[in-house]
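Trainee: Could we go through this one together, step by step? I'd like to learn how to read it.

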Amino acid sequence: KDVLNLVYLCESFGLPEVSEYWRQVIHLNDWQKSRFVEKIVRTLFNTVSGKRIAILGFAFKKDTNDTRESAAIAICRDLLLERATVAIYDPRVDPATMRRDLLEVGIDPELFDSNVIIAKTPYEAA
């Protein structure tokens, strides 16, 4: 969200090249999320279907409950679409928020209910 603000500011001040630079940073960050999931799938013999994957942290940054623009949302979405069982641990984020965030990015409620575990401890997630 900070980088998006930089894009806006650069456009406002008539700096299209600088704005495009920051836009590409956003694009690269998005690509890194999908690359991360692809690497997980590849490492687990090209399928995560039915495999449990622990996500330790769902918020945008440590010690907050702010999930806006959290990379974990996209990663969880992509893993769920690959039919992984995702065990999420984040003591600061309400389970209802996790559910809402994942449903907003296209996860079917039935898929959420069957493939997401909200863990109370990191050990339970693992």
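This is a predicted model: local features need pLDDT of at least 70, side-chain atom pairs count only at pLDDT 80 or more; totals for chains, interfaces and linings use all residues.

Trainee: How many helices and strands does the protein chain have?

Mentor: Walk along from the N terminus and the elements read α-α-β-α-β-α-α-β-α. Counted up, the secondary structure comes to six helices and three strands.

Trainee: What percentage of the residues count as buried?

Mentor: Buried means under 20% relative accessible area, exposed over 50%, and partly exposed in between (1.4 Å probe, protein chains only). The protein chain has 126 residues, and the buried share of them is 33%.

Trainee: Which helix gives the most to the nonpolar patch?

Mentor: A patch takes residues with over 30% relative accessible area and no salt bridge, joining nonpolar side chains (Val, Leu, Ile, Met, Phe, Trp, Tyr) within 5 Å and like charges within 9 Å. A salt bridge is a side-chain nitrogen of Lys or Arg within 4 Å of a carboxyl oxygen of Asp or Glu. Here the patch is formed by Leu 6, Tyr 8, Leu 9, Phe 13, Leu 15 and Val 18. With three residues, the top contributor is helix α1 (residues 2–12).

Trainee: Is Val 18 buried or partly exposed?

Mentor: Val 18 sits in helix α2 (residues 16–43). Its relative accessible area is 35%, so Val 18 is partly exposed.

Trainee: How many residues apart in sequence are the parts that Arg 92 and Asp 63 tie together?

Mentor: Arg 92 and Asp 63 form a salt bridge, with their closest N and O atoms 3.6 Å apart. Arg 92 is in the loop between β2 (85–89) and α4 (95–104), and Asp 63 is in the loop between β1 (52–56) and α3 (71–81), so the parts tied together are 29 residues apart.

Trainee: Which helix holds both Asp 30 and Lys 33?

Mentor: The side chains of Asp 30 and Lys 33 meet in a salt bridge, at 3.3 Å from N to O. The two are three residues apart, about one turn of the helix, and both lie in helix α2.

Note on methods
Residues are numbered from 1 along each chain as its sequence is written. Side-chain values use heavy atoms; hydrogens and water are left out. Helices (H or I, at least four residues) and strands (E, at least two) are DSSP runs, numbered from the N terminus. Accessible areas come from the Shrake-Rupley method with a 1.4 Å probe; for residues, only the protein chains shown count as cover.
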